[in-house]
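Student: Could you help me learn to read a structure that is new to me?

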Amino acid sequence: MRWENLTEGTGGPAALFGADAVVTRTIDTPEFRGMTFHEVRARSIVNRVPGASRMPFEWTVNPYRGCSHACVYCFARKTHGYLDLDTGLGFDSQIVVKTNAPELLRRELGARRWTGAHIAMGTNVDCYQRAEGRYRLMPGIIEALRDRANPFSILTKGTLILRDLPLLREAAEVTEVGISVSVGFTDAALWRTVEPGTPSPAARLNAVRTLTDAGIECGVLMAPVIPFLGDAPEQLRDTVRAVAASGATSVTPLVLHLRPGAREWFTAWLGEHHPHLVERYARMYAGGSYAPTWYQRQITRQVHELAAEFGIGPNGRRAARRTAAPERPVPAGPAQLTLL
């Protein structure tokens with residue numbers, strides 16, 4: 001493992017944590033069996049998103065690397081290769097934990113150069129994956145953001161976010177808090193094979209209901225919509241109907257994208273479980289990591305129409321209450337589709 005390339009003393013800007021700051025633990029309790037945690041003390045925690053990125057935010061906080069959700073399509077798999085860690089099973093079971101994330105964030109938010117920009121979390125790997133139950137980094141992170149009234153958003157598949165509901169309510173009283181839960185489909189058989197380490201789609205939607213009932217606005221990122229496996233009209237309808245029933249304030253579809261690292265792992269999975277689709281995927285993604293524009297627009301249009309039908313969005317009957325915050329103007333037009 002090439003920790004030395006990312007530690008102090010290498011003479012380059014790539015150093016992510018201090019030398020001799022890695023502690024590796026293998027924990028044999030049932031919930032963590034087969035997993036290894038690499039505990040590190042990070043040198044920085046607020047990261048700028050590259051300018052070429054398609055992401056609608058500039059700054060992120062990622063307390064973990066690797067993810068026990070084990071989603072076969074996860075675009076972040078390639079990042080494990082930077083540490084000479086395996087991007088397949090290693091990504092699912094070798095988790096890097098930035099144990100000093102809360103204290104480091106508090107220090108960076110207090111720096112004179114920090115201007116209070118929005119911070120997005122859960123955009124690389126899930127900050128509410130299984131490891132968070134052991135390391136409890138998110139309460140300290142949310143507290144630091146709350147105390148500085150710094151706006152933030154969280155994207156997650158983890159129902160563990162409900163543990164931090166009191167803190168989220170407190171933060172929502174002083175700043176903008178955006179919560180989005182990822183639910184790409186409600187098909188239980190598909191979920192078990194492509195997202196084996198995640199809570200079920202039903203459990204995630206129950207978390208949405210709990211959050212919205214508590215006055216925390218929560219949208220659903222309908223991601224990924226998986227071509228030929230989760231994109232049939234009846235599947236889209238079932239998913240949007242369930243999202244509407246959860247009380248979500250918005251629904252945003254995002255078609256599967258296959259970046260290098262994720263593409264190879266997903267293709268291997270596809271060959272094992274759905275070999276008849278391998279050639280169809282090769283054609284669909286022949287142009288790169290993203291599905292053709294016409295296909296993305298088709299899915300967006302279908303979901304948009306279903307969202308309007310089921311009343312999702314600020315103009316619909318299912319808009320969530322917001323706790324102790326001023327009302328924002330509601331834009332005219334069809335149901336709102338947002339990312340975070």
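Here we talk through a sheet, a residue in a loop and some salt bridges.

Tutor: Happy to! This is a predicted model, where local features need pLDDT of at least 70 and side-chain atom pairs count only at pLDDT 80 or more, while totals for chains, interfaces and linings use all residues. Residues are numbered from 1 along each chain as its sequence is written, and side-chain values use heavy atoms, leaving out hydrogens and water.

Student: In what order do the 7 strands of the open sheet lie?

Tutor: First, the terms: helices (H or I, at least four residues) and strands (E, at least two) are DSSP runs numbered from the N terminus, and two strands pair if DSSP finds at least two bridges between them. Here the order is S3-S4-S7-S8-S9-S10-S11, with mixed pairing. At the edges are strand S3 (46–48) and strand S11 (251–255), each pairing on one side only.

Student: In what sense do strands S9 and S10 pair?

Tutor: Strand S9 (residues 177–182) and strand S10 (residues 218–225) are parallel, joined over 4 bridges. Look for Ser182, which stands opposite Leu221 in S10.

Student: Where is Gln129, and is Gln129 buried or exposed?

Tutor: Buried means under 20% relative accessible area, exposed over 50%, and partly exposed in between (1.4 Å probe, protein chains only). Gln129 sits in the loop between strand S7 (119–121) and helix H3 (131–135). With a relative accessible area of 1%, Gln129 is buried.

Student: What does the side chain of Gln129 reach?

Tutor: It reaches the backbone nitrogen of Ser68 at 3.1 Å. A polar atom of the Gln129 side chain also lies 2.9 Å from the backbone oxygen of Gly66.

Student: How many salt bridges does the whole structure have?

Tutor: Side chains of opposite charge can pair when their charged atoms come close. A salt bridge is a side-chain nitrogen of Lys or Arg within 4 Å of a carboxyl oxygen of Asp or Glu. A search of the whole structure finds 14.

Student: Which residues are linked with Arg106 in a network of salt bridges?

Tutor: Arg146, Asp147 and Glu170 are linked with Arg106 in that network. The closest N and O atoms of Arg106 and Asp147 are 3.1 Å apart. That pair links distant parts of the chain, 41 residues apart: Arg106 is in helix H2 (residues 101–109) and Asp147 in helix H4 (residues 138–147). Arg146 also forms a salt bridge with Asp147, at 2.9 Å between the closest N and O atoms. Asp147 counts as partly exposed at 45% relative accessibility.

Notes. Polar contact = N/O pair within 3.5 Å; in protein donor to acceptor, adjacent residues only side chain to side chain.
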